[in-house]
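Colleague: Please take me through the model shown below, one question at a time.

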Amino acid sequence: MRLTFLGTGTSMGVPIIGCRCEVCVSPDPHNKRLRTSALLQTAGLNLLFDAGPDLRQQALTVGLQQLDAILLTHAHADHISGLDDLRPLNFAQQSPIPIYGSRTTLNFVRSRFDYAFAETSDGSTRPALTLIEIQHLIPFQIGGVTILPLEVQHGSWTITGFRIGRLGYVTDASMIPPASMEHLRNLDLLVLNALQFKPHPNHFSLEQAQAVIEELQPRRALLVHMNHDIDHTAANAQLPHHMRLAYDGQIVDIADDNVSDL
């Protein structure tokens, strides 16, 4: 399996519009963060984690030509606003793109992109989306890939994390319930959110993310969904060797084990 980080930033991205802090004006390209999303390539499939407002730029950057499915963690704007940009892939593939998410997430998608599911005038274009409901802790298949959706708390929202082989992908978490924690053990790579240094009601802080990683003991962990409080180089210097901040464009290969027993 190969994971490409398309974006590693929080909902406003980094730099933030109008901000002149040290991170926002930093020349270090690792401090330039589009909204959090990642592309997983496995078993001949391209699977996208979330489709935020930077999707067009992200897809062009990696030369994306095929997309087999999207796995949605939740329906906040920074995770679904790019769904309209799937239209060129619809045209190229001559097929709808499957969107997997919880019932709550898919209901928001259907409401936000209602025009995609309605009859429109001739000549207009719209994304072709097939919404497929998933349930937490019940595995499902895309091609030959087994995916386990996990319940995660994002403040008062119940959202979705994913386990695929020895990859765990969790973003926007403020708490991971015990049952989900158990399914995030024995990982080659854990992707986990770490918003900022100080506590936040809806997201793990850097310290809280470290505590989760120490509990789960993955072989390595990469942090995402960082805001402009966190400088890439300075934060990495404080982290244990097996924890690092991810950065936009980073590519990571992951051990591809059989996960039929999840």
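## Strands, helices and local geometry

Colleague: In which sense do β7 and strand β8 (residues 145–154) pair?

Modeller: Helices (H or I, at least four residues) and strands (E, at least two) are DSSP runs numbered from the N terminus, and two strands pair if DSSP finds at least two bridges between them. Three bridges join β7 to β8. Within that pairing, F140 faces I147 of β8. The sense of the pairing is antiparallel.

Colleague: What kind of model is this, and which pLDDT do local features need?

Modeller: Residue numbers start at 1 in each chain and follow its sequence as written, and side-chain values use heavy atoms, with hydrogens and water left out. This is a predicted model, in which totals for chains, interfaces and linings use all residues, side-chain atom pairs count only at pLDDT 80 or more, and local features need pLDDT of at least 70.

Colleague: Which strands stand at the edges of the open sheet?

Modeller: The sheet has seven strands in the order β7-β8-β9-β10-β11-β12-β13, with mixed pairing. An edge strand has a single partner, so one of its sides lacks a neighbour in the sheet; this applies to β7 (140–142) and β13 (243–245).

Colleague: What is the average twist from one strand to the next?

Modeller: Axes are lines fitted to C-alpha atoms, for helices over the stretch in contact, and angles between N-to-C directions run from 0 to 180 degrees. On this basis the twist averages 25°.

Colleague: What angle does the direction of helix α6 (residues 206–216) make with that of β11?

Modeller: α6 packs on the sheet and touches β11 (189–193), β12 (220–224) and β13, where contact means heavy atoms within 4.5 Å. Its direction and that of β11 make an angle of about 155°.

Colleague: Which hand does the β-α-β unit of β11, α6 and β12 have?

Modeller: Five bridges join β11 and β12 in parallel, with N193 opposite V224 in β12. A crossover is called right-handed if, with the strands pointing away from the viewer, the path from the first strand over the helix to the second runs clockwise. The unit of β11, α6 and β12 is right-handed.

Colleague: How many residues of β12 are buried?

Modeller: A residue is buried under 20% relative accessible area, exposed over 50%, and partly exposed in between (1.4 Å probe, protein chains only). β12 is largely enclosed by the rest of the structure, because the buried residues among its five number four.

Colleague: Which residue in the hairpin of β8 and β9 takes a positive phi?

Modeller: β8 and β9 run antiparallel and are joined by seven bridges; E151 has T160 in β9 as its bridge partner. Strand β9 (residues 157–164) is mostly covered, with six of its eight residues buried. Two residues lie between the strands of this hairpin, and the one with a positive phi, near 60°, is G155.

Colleague: Over what arc do the buried residues of helix α4 lie?

Modeller: In α4 (residues 103–112), T105, L106 and V109 are buried. The arc is that of the directions from the helix axis to the C-beta atoms. These three residues are on the same side of α4, because their arc is only 95°.

Colleague: Which exposed residues does the opposite face of α4 carry?

Modeller: The buried residues of α4 pack against α2 (77–80), β5 (97–101) and β6 (129–133). The face turned away from them carries R103 and S111.

Colleague: How many disulfides are counted?

Modeller: A disulfide is a pair of cysteine sulfur atoms within 2.5 Å. The sulfur of C24 is 3.6 Å from the closest cysteine sulfur, that of C21, and is therefore too far for a bond. C24 is buried at 6% relative accessible area, whereas C21 is partly exposed at 22%. The count is zero.

Colleague: What is the omega of the peptide bond between V14 and P15?

Modeller: P15 lies in the loop between β1 (2–7) and β2 (37–42). The bond joining V14 to P15 is cis, and its omega is about 5°.

Colleague: What is the phi of N186?

Modeller: Most residues other than glycine have a negative phi. N186 is placed in the loop between α5 (178–182) and β11, and is exposed at 54% relative accessibility. Its phi is positive, near 60°.
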